[in-house]
Amino acid sequence: MKQLVLDLGAEQAHSLDTFEVGQNAELAHLMHQFAERRSREHFAYLWGETGAGKTHLLQALAATPRSRYIACDAPESEFTYAPETTLYLLDDCEKLSPQAQIDAFALFNQIREHGAYMVSTGPVPPVVLPVREDLRTRMGWGLIYQIHGLADEQKIAALTHAAEARGLTLSASVLPYLLSHFKRDMRSLSTMLDALDQYSLETQRPVTLPLLRDLLLQANPQADTKE
């Protein structure tokens with residue numbers, strides 16, 4: 001049988017429209033304002049558990065003109081203010097090195113001085129973030145939002161809608177099984193849905209639980225998919 005090449009780690013383009021809003025309607029609206037540079041507040045800090053959508057939102061904003069995404073381990077040059085950049089997006093602030101914290105502090109001050117915008121993220125609110133006190137203060141300058149992850153039933157509803165939009169019929173047991181045997185963040189689940197669609201087309205098999213188990217076994221041969 002033909003060996004399928006399934007890249008479940010492939011990077012997918014992010015957009016604000018593909019962010020699953022759930023309980024985050026106010027936050028989603030604010031991010032659209034930041035994308036258009038029309039928010040009254042110029043700073044926002046987003047916090048929440050891994051997989052809640054923090055990086056999704058930052059990378060979606062990074063796709064807008066005159067934006068810069070800054071990873072926690074970015075070189076010093078990325079923390080330098082530039083007049084042509086009006087929106088800075090600082091991810092995983094809890095992982096900033098001591099020197100990067102100093103650079104980020106300076107960048108916050110320059111952004112405020114020049115009227116630019118900044119969105120930063122972390123796993124906890126700024127007040128308990130393990131960084132310099134002066135940097136915590138800067139992160140609390142603007143709006144602070146917790147990103148609430150989707151409940152399982154909301155994830156299933158979103159994935160069902162995405163499958164229907166592409167004409168993909170799923171057996172009833174597929175998505176509950178996927179949630180209990182695969183990564184639970186929506187980005188990974190959406191990637192798996194793409195892979196299921198591809199696998200179904202290439203094998204000419206419907207998307208049923210046996211097909212999903214076969215695909216998971218290809219992705220991780222050591223996994224036990226029989227439970």
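Helix axes are lines fitted to C-alpha atoms over the stretch in contact, and the angle between two of them runs from 0 to 180 degrees between N-to-C directions. The legends below describe a predicted model.

**Figure 1. Overview of the protein chain and its elements.** The secondary structure of the protein chain consists of 8 helices and 5 strands. Read from the N terminus, these elements follow the order α-β-α-β-β-α-β-α-β-α-α-α-α. Along the principal axes, the C-alpha atoms occupy a box of roughly 60 × 35 × 30 Å. Of the 227 residues in the protein chain, 46% are buried. When contacts between residues at least 6 apart in sequence are considered, 66% of them link residues at least 24 apart.

**Figure 2. The two domains of the protein chain.** The domain assignment places domain 1 at residues 23–146 and domain 2 at residues 152–219. A distance of 33 Å separates the C-alpha centres of domain 1 and domain 2. Aspartate 152 and aspartate 134 are 18 residues apart along the chain, and their C-alpha atoms are separated by 38 Å. For alanine 195 and proline 130, the separation is 65 residues in sequence and 38 Å in space, C-alpha to C-alpha.

**Figure 3. The spans annotated in the UniProt record.** An unreviewed UniProt entry gives the feature "domain: Orc1-like AAA ATPase" at residues 21–106. Residues 152–216 are 74% helix and 0% strand, with 20 Å between the end C-alpha atoms.

**Figure 4. The packing of helix α7 against helix α8.** Helix α7 spans residues 186–203 and helix α8 spans residues 209–219; their axes are 10 Å apart and meet at an angle of about 110°. Angles of 65 to 115 degrees count as roughly perpendicular, and α7 and α8 are therefore roughly perpendicular to each other. From α7, the contact involves Met192, Ala195, Leu196, Tyr199, Ser200 and Thr203, while α8 contributes Leu211, Leu212, Asp214, Leu215, Leu216 and Gln218. By class, the residues of this contact comprise 8 nonpolar, 3 polar and 1 charged. Alanine 195, a residue of helix α7, has a relative accessibility of 6% and therefore counts as buried.

**Figure 5. The buried residues of helix α6.** Helix α6 covers residues 174–181, and its buried residues are Val174, Leu175, Tyr177, Leu178 and Leu179. These buried residues of α6 pack against α5 (152–165), α7 and α8. One of them, Leu179, is touched by aspartate 152, which also touches Arg184, when residues up to four places away in sequence are not counted.

Figure 6. Aspartate 152 is located in helix α5. The relative accessible area of aspartate 152 is 31%, so this residue is partly exposed. Threonine 160 is likewise found in helix α5. Threonine 160 has a relative accessible area of 28% and is therefore partly exposed. From threonine 160 to alanine 172 the distance is 12 residues in sequence and 9.9 Å in space, C-alpha to C-alpha.

**Figure 7. Arginine 66 in a loop.** Arginine 66 belongs to the loop between α2 (54–62) and β2 (67–70). Although arginine 66 is not a glycine, its phi is positive, at about 60°. With a relative accessible area of 48%, arginine 66 is partly exposed.

**Figure 8. Glutamine 204 in the loop between α7 and α8.** The loop between α7 and α8 contains glutamine 204. Glutamine 204 is not a glycine, yet it has a positive phi of about 55°. The cut-off for an exposed residue is over 50% relative accessible area; at 67%, glutamine 204 is therefore exposed.

Methods
Residues are numbered from 1 along each chain as its sequence is written. This is a predicted model: local features need pLDDT of at least 70, side-chain atom pairs count only at pLDDT 80 or more; totals for chains, interfaces and linings use all residues. Side-chain values use heavy atoms; hydrogens and water are left out. Domain bounds come from an automatic or database domain assignment. UniProt positions are given in the numbering used here, feature names are shortened, and annotations may be inferred rather than shown by experiment. Helices (H or I, at least four residues) and strands (E, at least two) are DSSP runs, numbered from the N terminus. Angles under 35 degrees count as roughly parallel, over 145 as roughly antiparallel, 65 to 115 as roughly perpendicular and the rest as oblique. Contact means heavy atoms within 4.5 Å. Ala, Val, Leu, Ile, Met, Phe, Trp, Tyr, Cys and Pro count as nonpolar, Asp, Glu, Lys and Arg as charged, and the others, Gly among them, as polar. Buried means under 20% relative accessible area, exposed over 50%, partly exposed in between (1.4 Å probe, protein chains only).
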